[in-house]
Amino acid sequence: APSGRGRSTRAVPRVAAAAPAAASAGSRRRRRGRWVPALLGVAVVALLSVVALAIGTDRGAEPAGSATPGTTAKPPPSPEPSTPTAEDLRAFVTYYLQQAASDPAAGFAMLTPAFQEASQGRPGYDGFWGGVVSVRDVEVTEADPESMRVTYTYTYDLEGGGSRTETVSLQLVHDGSRLLVADEG
């Protein structure tokens with residue numbers, strides 16, 4: 001009213017009542033908005049974990065005998081409690097030779113306790129394998145699961161230079177969970 005004397009009869013919309021409703025909807029959106037980055041972060045971490053797991057299991061084992069000197073070969077899969085196959089015997093012998101050449105203590109652990117004791121009296125397990133730098137050209141000529149006998153020819157390089165090629169037969173045993181060298185000859 002221009003004169004300031006009277007009251008206006010015009011209706012004023014209720015803005016005040018609508019404001020809290022709008023504010024609460026906006027605050028809900030803001031609260032919900034805080035969870036979106038967190039949920040996206042969790043999703044990204046889960047996705048990366050799945051990808052890493054898939055890559056880790058997809059690589060597979062290298063074929064036995066493919067390790068180069070200075071690298072650690074992966075052990076062959078342990079045979080089931082049943083009789084090992086000829087392939088199990090071949091893989092074991094190749095792995096055993098690589099282990100003995102790169103880490104004589106690890107190779108020694110792959111012998112039966114009786115053969116470990118017998119190997120101490122010879123020129124010595126460590127005395128022989130401690131002087132071997134690498135093993136190569138492993139050729140398994142016999143791998144008989146029934147007799148658990150493996151015959152192979154291999155070449156080993158010596159620490160002081162030179163190399164030797166030998167043919168060896170090993171008697172293996174399966175202790176229910178792994179193969180072990182029981183005797184040589």
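Biologist: Which residues does Leu 172 touch, not counting residues up to four places away in sequence?
Modeller: In this predicted model, Leu 172 touches Leu 89, Phe 92, Val 93, Met 148, Val 150, Leu 180, Val 181 and Ala 182, where contact means heavy atoms within 4.5 Å. Local features need pLDDT of at least 70 and side-chain atom pairs 80 or more, while totals for chains, interfaces and linings use all residues. Residues are numbered from 1 along each chain, and side-chain values use heavy atoms, without hydrogens and water.

Biologist: And the largest nonpolar core: how many residues has it?
Modeller: That core has 28 residues; the term covers buried Ala, Val, Leu, Ile, Met, Phe, Trp, Tyr and Cys joined through side-chain atoms within 4.5 Å. Tyr 96, Trp 129 and Leu 172 have the most contacts inside it. Two or more residues each come from α2 (86–102), α5 (125–129), β1 (132–144), β2 (149–158), β3 (163–174) and β4 (179–184). The largest share, nine residues, is given by α2. Helices (H or I, at least four residues) and strands (E, at least two) are DSSP runs numbered from the N terminus.

Biologist: Now the sheet. What order do the strands have?
Modeller: The order is β1-β2-β3-β4, in an open sheet of four strands with antiparallel pairing; strands pair if DSSP finds at least two bridges between them. Because β1 and β4 stand at the edges with a single partner strand each, one side of each has no neighbour in the sheet.

Biologist: How many bridges join β1 to β2?
Modeller: Nine bridges join these two antiparallel strands. β2 and β3 also pair in the antiparallel sense, over nine bridges. Asp 157 in β2 stands opposite Ser 134, and the bridge partner of Asp 157 in β3 is Ser 163.

Biologist: Which residues take a positive phi in the two hairpins?
Modeller: In the hairpin of β1 and β2, with four residues between the strands, Met 148 takes a positive phi near 60°. In the hairpin of β2 and β3, which also has four residues between its strands, Gly 161 takes a positive phi near 110°.

Biologist: Why is β2 described as largely enclosed?
Modeller: Seven of its ten residues are buried, so the rest of the structure largely encloses β2. Buried means under 20% relative accessible area (1.4 Å probe, protein chains only).

Biologist: One more: is Ser 169 buried or exposed?
Modeller: Ser 169 counts as buried, because its relative accessibility is 17%. Ser 169 sits in strand β3. Neighbours within four places in sequence aside, Ser 169 is in contact with Arg 149, Val 150, Thr 151, Asp 183, Glu 184 and Gly 185.

Terms used. Buried < 20%, exposed > 50% of the residue type's maximum accessible area, 1.4 Å probe, protein only.
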